[in-house]
Amino acid sequence: MIPAAFEYHRPKDLAGVLSILEEHGDDARVLAGGHSLIPMMKLRMADVPHLIDLQNIEGLDGIEIDGDTIRLGAMVTQSDLIDNAALSEIAPILKEAALQIADPQVRYMGTIGGNVANGDPGNDMPGLMQCLDATFSLLGPDGSRDVEAREFYEAAYMTAREDEEILTGVTLSAPKGGYAYEKQKRKIGDYATAAAAVQIVKENGACVSASIAMTNLSDTPVYSEAAGNALVGTAVDDAAIKAAVAAMLQDIDPTEDNRGPVAFKKHVAGVILQRAISRAWSRA
Amino acid sequence: MSDKMHIKLKVNGKDEEFLAEPRELLIYTLRERLNITGPHIGCETSHCGACTVTIDGKSVKSCTMFVAQADGADITTIEGIGDADSLHPLQMAFKEHHGLQCGYCTPGMITRATKLLEENPNPTEEEIRFGMAGNICRCTGYQNIVKSIQAAASEMNAAKEAAE
């Protein structure tokens, strides 16, 4: 497989990235781990006349934990997320989800920034970041701005990021309570048939808050506020879980593909969410 | 359209310098430019792991990296792990425990396994299966690959203890 020719850039700082983006607009794309973009280029489904490799940009690969605030640089890899003991302590759902992404070789290369910025509905981190109410930092010619993960995704591969902007990092508060990232896939390395991210806070035997987001069940990740609300005030018994699943099913919009017809995907989404809620509750 | 780039690599300890189009995939650089044909092309779509090499300490599928990205990198392929006269313990174990049949996946398997054992010198069967999940074998059913890696781990740990 031979991708179309391109001009390769490896700038040393973000100013260098921005000036190439400004000059070439949507003819230029940034490359992080490359494990989404390079396959698309090989298939000639992505045409990238100017490829901007971020590997030499300093300060994009840090994991910073400051009290309750976690900041992940865009070039932090899935394998960095898995190996960082302090991060696993404060936000174990990140490791649980990262371990379910692709395979070891891909996890050494694949980055959090690429995973959330690409806008592929099959990627796991966007749904997780919506569950955790994370914020994405974008840097453009007019400076930086923050966009909430729950506001970032518009359609498949369409996001709030402008062509001349680069996503530099992800900020989130340390998640509270019990957690689970549950994913059904046909084989290791596959995208989810359905996946669910759940964080639940329990006080005196009752659920006081719950956040639920689903992956690969619409053309964007789906944050289901109604599903979370269905659990609040309950003891997360079977009836409450059933209500949460019913609410989630109203929010997703899966399409038929090689992972199955719509009815099957809805069925799997229900099973996966029920498992994720039960596991999160047992850890709360 | 695109100009050739001046590329410098270190492959199996040897410095290499050449001109290449940035779009050249690293697996082709290794196989066709440098005649390092241990890493194989299985699927060419980042699924099978036959092209796995070690780049700056990471197991990487070399079909999913442009040579331009690898400029300046230190690369190890199966050729840098052992040879016919001095097999690596993993190579010896794959031979002894029938960890291969057709052998097509084996260079990628062993290259990945060297890194796995470096990170986890005493893996359980489950850890081996999970850590080797990026490499596909269509012959063995994996059972003997797991056995081979376990045997190599014991051998390497024993040799390490003896040396201490």
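This is a predicted model: local features need pLDDT of at least 70, side-chain atom pairs count only at pLDDT 80 or more; totals for chains, interfaces and linings use all residues.
User: Great. Which residues does A:Met214 touch, leaving out those up to four places away in sequence?

Analyst: A:Met214 touches A:Gly127, A:Ala194, A:Ala195, A:Ala196, A:Pro221, A:Val222, A:Ser224, A:Met248, A:Ile252 and A:Ala269.

User: And which residues of the largest nonpolar core touch the most other members?

Analyst: A:Met214 is among them, along with A:Leu128, A:Val198, A:Ile212, A:Ala244, A:Leu273 and A:Ile277. That core has 129 residues, and its largest share, seven residues, comes from helix H12 (residues 262-283) of chain A. As background, nonpolar side chains tend to be buried together in soluble globular proteins.

User: Let's move to strand E12 of chain A. Is it mostly covered or mostly open?

Analyst: Mostly covered: E12(A) spans residues 194-203, and seven of its 10 residues are buried.

User: Which strands does E12(A) pair with?

Analyst: Strand E11 (residues 178-184) of chain A pairs with E12(A) in the antiparallel sense over seven bridges. There, A:Gly178 has A:Ile200 as its bridge partner. Strand E13 (residues 206-215) of chain A also runs antiparallel to E12(A), joined by nine bridges.

User: What sits between E12(A) and E13(A)?

Analyst: Two residues, which makes the pair a hairpin. In the turn, A:Asn204 has a positive phi of about 50°.

User: What about the five-stranded sheet in chain A, what's the strand order?

Analyst: The order is E4-E5-E10-E6-E7, in an open sheet with antiparallel pairing. Strand E4 (63-66) and strand E7 (143-148) of chain A are the edge strands, each pairing on one side only. Neighbouring strands are turned by 20° against each other on average, direction ignored.

User: How many bridges join E6(A) to E7(A)?

Analyst: Six, between strand E6 (residues 135-140) and E7(A), which run antiparallel. A:Leu139, for instance, has A:Ser144 in E7(A) as its bridge partner.

User: Quick one: why does A:Glu7 count as buried?

Analyst: Because A:Glu7 has 20 C-beta neighbours inside 10 Å, and the cut-off for buried is 20 or more. A:Glu7 lies in strand E1 (residues 7-9) of chain A.

User: Over to chain B. How does its sheet go?

Analyst: That open sheet of five strands has the order E2-E1-E5-E3-E4, with mixed pairing. Strand E2 (14-20) and E4 of chain B have a single partner strand each, so one side of each is left without a neighbour in the sheet. The twist averages 40° from one strand to the next.

User: Which helix lies across E3 and E4 of chain B?

Analyst: Helix H4 (residues 106-119) of chain B, running at about 35° to E3(B). As for strand E3 (residues 52-55) of chain B, two bridges join it to strand E5 (residues 74-76) in an antiparallel arrangement. The bridge partner of B:Ile55 in E5(B) is B:Ile75.

User: How many residues are in contact between the chains?

Analyst: 24 residues of chain B are in contact with 21 residues of chain A. On the chain B side, E4(B) gives the largest share, four residues. By class, that side has eight nonpolar, 11 polar and five charged residues.

Technical notes: Residues are numbered from 1 along each chain as its sequence is written. Chains are lettered from A and ligands numbered from 1 in the order in which they are written. A residue is buried if 20 or more other C-beta atoms lie within 10 Å of its own, exposed if 12 or fewer, and partly exposed in between; C-beta atoms are placed from the backbone. Two strands pair if DSSP finds at least two bridges between them. Two residues are in contact if their C-beta atoms, placed from the backbone, lie within 7 Å. Ala, Val, Leu, Ile, Met, Phe, Trp, Tyr, Cys and Pro count as nonpolar, Asp, Glu, Lys and Arg as charged, and the others, Gly among them, as polar. A nonpolar core is a set of buried Ala, Val, Leu, Ile, Met, Phe, Trp, Tyr and Cys residues joined through C-beta atoms within 7 Å. Axes are lines fitted to C-alpha atoms, for helices over the stretch in contact, and angles run from 0 to 180 degrees between N-to-C directions.
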